[in-house]
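The sequence and structure come first.

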Amino acid sequence: MSELILKMKGIDKSFVGVHALKGVDFDLYKGEVHALMGENGAGKSTLMKVLTGIYAKDSGEIFFEGQEVNFQNPKESQEAGISIVHQELNMMNHLTVAQNIFIGREMMSGKLINDRKMNEEAKKLFEKLNIDIDPSETMGNLTVGKQQMCEIAKAISKDAKLIVFDEPTAALTDSEIEELFKIIRDLRAKNMGIIYISHRMDEINVITDRVTVMRDGEYVGTLITKDCTKSDIINMMVGRVIYEDPKQKSNVPADAPIVLSVKNLNAGKLVKDISFDLRRGEILGFSGLMGAGRTETARAIFGADPIDSGEIYVNGTKIEIKTPQDAVNAGIGYLSEDRKRFGIIVEKSVAENSTMATLENFTKGLFIDKKREKTESELYAAKLKTKTPTVETAVVNLSGGNQQKVVIAKWLVRNCDILIFDEPTRGIDVGAKSEIYHLMNELAAQGKSIIMISSELPEILRMSDRIVVMCEGRKTGELSIEEASQASIMDAATLRN
Amino acid sequence: MSNSTSSKKNPLINNPVVKAVGTQRAIAILALIVLFGFFCIASPAFRQYSTFVSILDASYYIGFMAIGVTFAIITGGIDLSIGTVLVCSSLISGTLATKYNVPIVICLIIGVLIGTFFGLCNGLMVSVMGLPPFIATLGSMMISKGFGSIFTKAQSVTWPQSSQPGGWFRNIFKINVAMAEGNMMIPTGFILLLILAVVMSVVLNKTRAGRYITALGSNKEATRLSGVNVVKWETLAFIFSGTFAGIAGVSYAATYSTLLPGNGGGLELDAIAGVVIGGTSMSGGYGTIAGTLIGVFIMSVLKTGLPFIGLQNQYQQFITGFVLIIAVFADVANRKKKSK
């Protein structure tokens with residue numbers, strides 16, 4: 001093969017409390033498409049951010065075109081010839097396509113910007129890439145796929161020698177993916193180095209030359225794509241020591257009544273024809289990769305996002321859910337994956353947060369009955385073993401696990417029988433994790449029904465009685481805990497249709 | 001699919017003219033024409049040249065402020081200080097002219113520069129110190145209001161009348177020509193307003209400054225990651241805003257005779273209302289100077305016209321409030337439909 005364009009050696013990076021990269025090695029040849037794979041949180045994005053200068057590495061060496069480099073910011077890496085096509089698009093929606101592509105490098109005639117020239121140049125660029133986009137169109141009017149193409153064109157127009165694609169196909173249609181692959185093959189033929197981050201196994205086989213797998217911030221290994229199978233890669237991705245024993249069998253009796261039934265739910269782009277039942281006392285795991293539509297499904301059921309079509313039954317009665325109030329009145333509580341933004345009000349006290357969803361029950365005339373608020377929240381703090389000096393302490397002073405308990409308390413005070421836990425242990429340390437697990441099991445044993453969305457397979461396997469797997473807005477699998485394994489879930493989670 | 005349903009419901013949206021100028025601005029133009037026509041029909045006295053001139057008189061200072069603050073708003077920010085900066089700059093330069101005998105030319109320049117100075121301070125507070133624009137400019141609103149009074153020792157200031165020495169500067173905004181059948185007034189200020197509007201429109205649409213101000217209003221992080229110095233350009237937007245408040249101060253002095261210290265609070269809201277009626281997005285990233293001017297003229301037609309049909313000035317505020325809400329709601333409703 002040709003010469004190396006990039007070599008990363010022993011890259012180490014820690015954030016407060018998290019060792020994100022542990023001596024990671026990575027290399028890339030000219031004219032190569034090299035896949036970087038791993039579960040969510042394996043460290044792929046962090047590695048790329050270190051490469052492009054968004055994060056500074058703690059130790060390790062980076063060689064680009066034979067020279068040791070240490071980029072301080074994205075601008076430096078761009079100037080050296082490294083471009084990144086981000087997963088979230090970085091576009092100025094109000095500007096035109098050409099204006100976006102040439103932002104910061106406008107073509108001028110004298111003091112004035114020459115938009116016509118920029119349109120012409122963009123058009124040439126698009127012709128070279130065989131992309132059909134009008135450069136004078138406003139960016140916000142394009143589909144996400146077309147915007148992605150613009151982002152790629154922008155990267156190429158900067159004379160990039162190395163392009164990082166961070167999950168480029170997550171929002172693309174099949175024909176757009178075909179176009180993208182054609183472009184990538186062209187770039188490869190032009191001897192550029194390409195790093196391709198994706199979760200989609202079938203794409204890896206089609207487009208990449210080598211695969212490097214990361215897990216928990218560590219380098220696992222590198223394989224030649226054509227010599228390996230999908231299951232080789234999956235095994236490398238999930239092969240961590242599972243310190244949490246998977247559940248052996250479901251705790252739910254077969255005749256347990258169905259408390260929530262969702263039929264053919266459609267909402268937005270990431271919830272397509274979702275149907276499932278939730279039984280009394282059951283923990284129903286929702287598994288899938290990032291962008292699979294799990295959170296979107298939960299938000300639709302909770303009334304946070306509008307439902308396009310479909311039916312929802314609670315305890316056999318059909319209900320209309322238009323707003324979160326409707327859902328709460330039907331006894332559904334939602335614990336957001338983004339606790340700080342949607343779950344709690346951090347400056348307020350434990351007591352105030354606990355009664356947030358039920359304040360009307362804690363009033364005396366016009367005023368809030370502080371005393372009852374206090375006794376009730378103390379009761380739940382004791383029940384949930386929330387570690388807080390007093391219930392008057394502001395939630396911001398509590399640890400992540402205890403904050404999560406406050407959110408749980410909020411819905412328990414409200415007497416919700418159906419609880420949706422969205423990534424309940426994200427950002428919570430191992431000790432607090434097992435407490436949350438314990439709590440969820442207890443709640444289920446008391447007859448509460450739980451939907452648990454989790455990106456961590458061991459968590460899904462340890463907690464769930466049954467597992468729904470989603471991929472790209474569709475339900476691609478439903479497994480009983482007895483038949484589920486990491487590999488079978490991964491299989492369903494990467495099933496494109 | 002959603003397109004066809006929305007066009008069925010609202011044929012206005014698919015009209016090519018409306019599409020070209022934008023829904024909100026189309027409504028604004030329509031409102032301006034309807035208002036003007038209404039007053040012409042309702043009051044014979046309104047259909048006079050002198051009324052037309054007083055409409056223009058009333059639009060200068062709001063117009064200049066509005067042109068400037070359009071830039072601050074396009075960044076996604078706001079400038080609340082322009083009204084009091086207008087009065088402050090006019091008070092200080094007027095005091096220099098009347099009490100200290102500083103030549104009028106110098107006073108006018110100082111008046112504009114006082115605006116520039118406040119704009120620079122606002123810009124630095126927002127872009128470098130990271131204060132929210134609302135807070136930063138609320139602070140400088142109070143400071144400029146107080147400073148003007150302190151400087152004049154709480155005295156009112158009367159700029160020279162056009163007949164007095166130094167009163168020539170009023171001709172920048174209105175020339176009185178003696179004619180057989182009485183005085184003929186040439187609204188030169190209107191020409192100045194138009195020229196500056198065209199210049200700033202070119203700055204907004206055709207220069208790096210305008211491009212980056214728009215870009216950072218649309219997506220600041222993406223603009224920064226594109227290697228653009230967002231601190232510099234965000235500051236510049238506020239400098240535009242302040243400088244035009246200074247120019248507005250000069251035009252205010254030229255149009256009206258006496259300035260009272262402590263006034264000026266509230267003028268900025270007229271200007272901001274004009275900008276918003278003209279279709280500039282309060283969340284940043286989009287706006288036009290032409291739209292802003294239309295919005296301003298709606299305000300001054302109301303202001304001048306309502307007394308002609310026997311309604312007091314307070315009705316201007318009352319009715320402008322409705323125009324503002326309707327114009328912005330039309331835009332919000334339109335965008336909601338589009339995003340579906």
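## Domain interface in chain A

Domain 1 of chain A and domain 2 of chain A bury about 900 Å² between them, 55% of it given by carbon and sulfur atoms. Buried area is the accessible area (1.4 Å probe) that two parts lose on being put together, summed over both. On the side of domain 1 of chain A that touches domain 2 of chain A there are 3 nonpolar, 2 polar and 3 charged residues; Ala, Val, Leu, Ile, Met, Phe, Trp, Tyr, Cys and Pro count as nonpolar, Asp, Glu, Lys and Arg as charged, and the others, Gly among them, as polar.

The bounds, from an automatic or database domain assignment, are 4-238 for domain 1 and 258-493 for domain 2 of chain A. Their centres, taken over C-alpha atoms, are 35 Å apart.

## Basis of the values

The model is predicted: local features need pLDDT of at least 70, side-chain atom pairs count only at pLDDT 80 or more, and totals for chains, interfaces and linings use all residues. Residues are numbered from 1 along each chain as its sequence is written, chains are lettered from A and ligands numbered from 1 in the order in which they are written, and side-chain values use heavy atoms, with hydrogens and water left out.

## Interface of chains A and B

Between chain B and chain A about 1700 Å² is buried, 56% of it on carbon and sulfur atoms. B:Lys206, B:Arg211 and B:Leu225 supply 35% of the area that chain B buries against chain A, more than any other three residues.

The two chains share 3 salt bridges. B:Arg211 forms a salt bridge with A:Asp115 through their side chains (3.0 Å, N to O).

Notes
Salt bridge = Lys/Arg side-chain N within 4 Å of Asp/Glu carboxyl O.
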